[in-house]
Amino acid sequence: VSQSRYPEGSNSYTLEFWLKLSTLASRTVVTTSSYGLKLDVNSSGTLELSASTNGSSWDLTASSSNNINVDTWSHIAITYTGGAIVLYLNGNSIASLSNAALSLTDLTFGYDSGNVTYISGYIDELRLSSNVRYSSSFTPATSAFSRDVSTILLNHFDIPTSQYDISSSDDSDSTVTKKPSTITPTYSWLSSNAKISCLNSK
């Protein structure tokens with residue numbers, strides 16, 4: 001899933017979603033253009049967080065001390081404020097970076113355009129917020145999020161009848177249900193080849 005025209009310039013962000021991988025392989029889970037932010041997973045289930053100090057290379061990297069398991073739903077959250085990025089797995093901080101120049105331009109999920117590879121698995125309950133929602137260990141919510149004043153993007157990906165419930169967002173795919181955007185500034189989906197799941201399946 002690739003997304004464009006996110007609002008830039010916020011001092012703080014939280015990106016979070018549920019992830020279930022069917023197989024473990026070296027793949028990109030989240031990435032952006034211009035070396036803004038990247039999250040990779042390897043064949044052992046180790047997560048690696050990457051960012052940049054200058055927008056020209058992935059010169060900041062940190063690997064997790066905890067691995068994700070195959071065929072298991074895992075909650076992933078990434079917070080950013082003041083140059084500091086923290087990666088949470090199932091509510092626990094597992095990696096962090098400092099002095100990062102974060103950019104969310106062309107935020108992409110489950111796909112690496114450079115190597116033309118996709119994750120094998122599912123993404124659910126995707127939320128991007130304009131604040132830091134977590135600053136210490138927490139218990140991830142197991143029910144659907146509700147939109148609040150800090151919500152930039154919220155996608156539930158519920159599919160009751162083979163159609164997307166894309167919350168208050170726009171989907172350019174003509175074969176799925178479209179709903180009007182209430183986000184300012186507006187954004188749009190570029191493409192989607194991801195497998196989408198329902199939160200209540202976890």
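Buried residues make up 50% of the 202 residues in the protein. Buried means a relative accessible area under 20%, exposed means over 50%, and partly exposed lies in between, with a 1.4 Å probe and protein chains only. The model is predicted: local features need pLDDT of at least 70, side-chain atom pairs count only at pLDDT 80 or more, and totals for chains, interfaces and linings use all residues. Residues are numbered from 1 along each chain as its sequence is written, and side-chain values use heavy atoms, with hydrogens and water left out.

## Overall make-up

The protein has 16 strands and zero helices. Both are DSSP runs numbered from the N terminus: helices are H or I with at least four residues, strands are E with at least two. Of the contacts between residues at least 6 apart in sequence, 59% join residues at least 24 apart. Contact means heavy atoms within 4.5 Å. The accessible surface of the protein is about 9,000 Å², and 45% of that belongs to carbon and sulfur atoms. These areas come from the Shrake-Rupley method with a 1.4 Å probe; for residues, only the protein chains shown count as cover.

## The nonpolar cores

In soluble globular proteins, nonpolar side chains tend to be buried together. Here the largest nonpolar core has 37 residues. Such a core is a set of buried Ala, Val, Leu, Ile, Met, Phe, Trp, Tyr and Cys residues joined through side-chain atoms within 4.5 Å. Leu19, Leu39, Leu47, Ile85 and Leu87 have the most contacts inside the largest core. Strand 2 (residues 12-21) gives the most to this core, with five residues. Another core, of seven residues, lies apart from it; Val86, Tyr134, Phe138 and Leu154 are among its members.

## The largest cavity

A search of the whole structure finds two cavities of 30 Å³ or more. A cavity is a set of points, on a 1 Å grid over the protein atoms alone, where a 1.4 Å probe fits but cannot get out; lining residues have an atom within 4 Å of a point. Grid points are joined across faces, edges and corners, and the volume is the space filled by probe spheres set on the points.

The largest cavity has a volume of about 50 Å³. Its lining is made of Tyr13, Leu15, Leu37, Ile78, Tyr80, Ile85, Leu102, Leu104 and Leu128. By class, that lining has nine nonpolar, no polar and no charged residues. Nonpolar covers Ala, Val, Leu, Ile, Met, Phe, Trp, Tyr, Cys and Pro; charged covers Asp, Glu, Lys and Arg; the others, Gly among them, are polar. Strand 2 and strand 7 (74-81) each supply at least two lining residues.

Ser74 lies in strand 7. Ser74 counts as buried because its relative accessible area is 5%. Beyond four places in sequence, Ser74 touches Phe17, Trp18, Leu19, Ile68, Leu89 and Asn90.

Thr79 is also placed in strand 7. Thr79 is buried too, at 5% relative accessibility. Its contacts beyond four places in sequence include Tyr13, Thr14, Ile85, Tyr88 and Tyr134.

Tyr88 lies in strand 8 (residues 84-89). Tyr88 is buried, with a relative accessible area of 4%. Among the residues Tyr88 touches are His75, Thr79, Ser93, Tyr134 and Phe138.

| Pair | Apart in sequence | Apart in space |
|---|---|---|
| Ser74 and Lys20 | 54 residues | 6.3 Å |
| Tyr111 and Arg27 | 84 residues | 7.8 Å |
| Tyr88 and Phe138 | 50 residues | 9.2 Å |

Tyr111 is in strand 11 (residues 111-112). Tyr111 counts as partly exposed, at 23% relative accessibility.

## Positive phi

Most residues other than glycine have a negative phi. Asp106 has a positive phi of about 55 degrees, although it is not a glycine. Asp106 sits in the loop between strand 9 (92-97) and strand 10 (108-109). At 30% relative accessibility, Asp106 is partly exposed.

Glu125 has a positive phi near 45 degrees and is likewise a residue other than glycine. Glu125 is found in strand 13 (residues 121-129). Glu125 counts as buried because its relative accessible area is 1%.

Methods. On a 1 Å grid over the protein atoms alone, a cavity is a set of points where a 1.4 Å probe fits but cannot get out, and a pocket is an open set with protein on both sides within 12 Å along at least five of seven lines; lining residues have an atom within 4 Å of a point.
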